[in-house]
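Work through the following exercises with the coordinates open, and try each task before reading its solution.

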Amino acid sequence: MQFTSEQRLDDGVLEREFTLGEIPGTLWTPGSASASAPAPLILMAHNNGLPKGEPRLVARARLSAAYGYAVASIDAAACGDRPRSAADEQARADLRRAMQAGEPVDEIFESLVGPLVEKAVPDWRTTLDALLALPEIGGPVGYSGWTALGIRLAVTEPRIAAAGFFAGGYVPRAQREEARQVTIPLLFLLQWDDEGNPRQRALDLFDAFGTKEKTLHANLGGHLGTPWFEREDGDRFFGRHLK
């Protein structure tokens with residue numbers, strides 16, 4: 001892991017850009033983190049391959065770091081500014097066309113999001129290995145954000161102890177089946193009027209999770225309307241399981 005830049009923010013959080021082979025990432029650590037007092041780690045991913053520099057993700061990451069967590073986000077394979085295959089680009093073009101025409105999009109989402117998850121998981125696990133080797137970062141590890149990726153990580157990565165999922169975003173069939181294998185504590189956020197994500201599908205997914213400790217927070221409003229206090233509640237959720 002090579003750090004390429006750093007800046008100290010007003011609240012004492014250290015923000016550093018890094019590269020790990022072909023993987024670009026950002027790491028935020030609280031001012032209190034040190035080898036003698038390592039900070040617990042949260043992996044933070046945006047839905048369906050959006051970039052690590054997306055403003056809403058950065059705002060969430062900085063808040064969590066100020067709360068006392070190390071937070072990392074990456075552009076995994078085929079996500080953010082990473083190169084995409086011709087099949088990826090065709091699926092995105094087909095999706096835009098179908099949405100504009102009001103046509104069914106489930107199968108197009110499947111062809112787009114399913115491969116994104118498969119490509120992203122190895123990069124996230126490689127990054128986790130490197131992050132936990134840093135003296136100022138310790139376990140346990142939490143995950144926050146993109147539900148489809150989070151499900152796969154929750155069932156394949158034993159170091160993840162708790163997760164916060166956002167119900168927005170398409171979840172492929174493979175991950176809907178894997179949801180029954182998720183046994184870690186979950187906080188599931190749902191926007192009740194999310195225009196692009198059917199409410200009942202999200203409720204069915206919540207019901208399918210195999211964990212005995214799962215909490216659903218539903219708020220009125222559309223896809224981008226998640227209340228700010230949910231971010232603070234999320235940090236308290238992780239505080240119960242990571243600290």
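The exercises below treat ring pairs, salt bridges and the nonpolar core in turn.

The model is predicted, so local features need pLDDT of at least 70 and side-chain atom pairs count only at pLDDT 80 or more, whereas totals for chains, interfaces and linings use all residues. Residues are numbered from 1 along each chain as its sequence is written, and side-chain values use heavy atoms, with hydrogens and water left out.

**Exercise 1.** Classify the ring pair of phenylalanine 109 and tyrosine 170, and state which parts of the chain the pair ties together.

*Solution.* A pair of aromatic rings is described by the distance of the centres and the angle of the planes. Rings of Phe, Tyr and Trp (its six-membered ring) pair if their centres lie within 6.5 Å, and planes under 30 degrees apart count as stacked, over 60 as edge-to-face and the rest as tilted.

**Exercise 2.** Classify the ring pair of phenylalanine 165 and phenylalanine 209.

*Solution.* The centres of these two rings, phenylalanine 165 and phenylalanine 209, lie 5.7 Å apart with the planes at 45°, so the pair is tilted. Ring pairs also link Phe165 and Phe209 into a cluster with Tyr143, Phe188 and Phe206.

**Exercise 3.** Describe the salt bridge between glutamate 15 and arginine 62, and decide whether each residue is buried or partly exposed.

*Solution.* A salt bridge is a side-chain nitrogen of Lys or Arg within 4 Å of a carboxyl oxygen of Asp or Glu, and here the N to O distance is 3.0 Å. Glutamate 15 lies in strand β2 (residues 14-20) and arginine 62 in helix α1 (residues 55-66), so parts 47 residues apart in sequence are tied together. Buried means under 20% relative accessible area, exposed over 50%, and partly exposed in between (1.4 Å probe, protein chains only). Glutamate 15, at 10%, therefore counts as buried, whereas arginine 62, at 32%, counts as partly exposed.

**Exercise 4.** Which residues touch the most other members of the largest nonpolar core?

*Solution.* A nonpolar core is a set of buried Ala, Val, Leu, Ile, Met, Phe, Trp, Tyr and Cys residues joined through side-chain atoms within 4.5 Å. Among its 58 residues, Leu41, Leu43, Trp124, Tyr143, Trp146, Leu149 and Phe209 touch the most other members. Helix α3 (residues 106-132) supplies the largest share of this core, twelve residues.

Conventions
Helices (H or I, at least four residues) and strands (E, at least two) are DSSP runs, numbered from the N terminus.
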